[in-house]
Amino acid sequence: MELARKQFEDRQYPQAVKTYKSIAKKYPESSIGEEAWFRMGECHYAMKQYPKAQDAYDKLFADYPSTKYVSDTSQRLFDIAKIWLEVSDPVAKSV
């Protein structure tokens, strides 16, 4: 977990995703697995890979319904929704 956190802090997001994915598989239904899914979402979000970020956040909610990251994750999902609305709203671009 320390390696994954360091990679995340150093903005080595592709490497961090791989490390967190390995951790999530090795420690399902644990607080370590919970953090791994949240951080995977954060990595994808930072890389502007919004569909992958949403998938990671959705998996977090599915596996950990009372996750301690509910507030942060909900905010990220809201941010992603706003980004998608801005991209796909032709009215917003013509104004």
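Which residues does His44 touch, not counting residues up to four places away in sequence? In this model, which is predicted, the answer is Val17, Gln49, Lys52 and Ala53. His44 itself lies in helix 3, which covers residues 31-46, and with a relative accessible area of 10% it falls under the 20% cut-off, so it is counted as buried.

Let me widen the view to the helix. Helix 3 has 16 residues and reaches 22 Å from its first C-alpha to its last, which is close to the 22 Å expected at 1.5 Å a residue. Twelve of those 16 residues are buried, so that the helix is mostly covered, and among the buried ones are Trp37, Phe38, Cys43, His44 and Tyr45. Just after helix 3, Lys48 takes a positive phi of about 60°.

I turn now to the aromatic rings, where a search of the whole structure finds four aromatic pairs. In one of them, Phe8 and Tyr13 have ring centres 5.8 Å apart and planes at 70°, and because edge-to-face requires an angle over 60 degrees, this pair is classed that way. Tyr45 and Tyr50 also form an edge-to-face pair, with 5.6 Å from centre to centre and 65° between the planes. Tyr45 counts as buried at 17% relative accessibility, Tyr50 counts as buried at 15%, and Tyr13, from the pair with Phe8, counts as buried at 16%.

Elsewhere, ring pairs link Phe38, Tyr57 and Tyr69 into a cluster. Finally, to return to Phe8, the charged end of Arg39 sits over the ring of Phe8, 5.3 Å from its centre.

How values were computed
Residues numbered from 1 in each chain as written. Predicted model: local features only at pLDDT ≥ 70, side-chain atom pairs only at ≥ 80, totals over all residues. Heavy atoms only, no water. Helix = DSSP H or I, 4+ residues; strand = E, 2+ residues; numbered from the N terminus. Buried < 20%, exposed > 50% of the residue type's maximum accessible area, 1.4 Å probe, protein only. Contact = heavy atoms within 4.5 Å. Expected span 1.5 Å × (residues − 1). Phe/Tyr/Trp six-rings, centres within 6.5 Å; stacked < 30°, edge-to-face > 60°. Lys NZ or Arg CZ within 6 Å of the ring centre and 35° of its normal.
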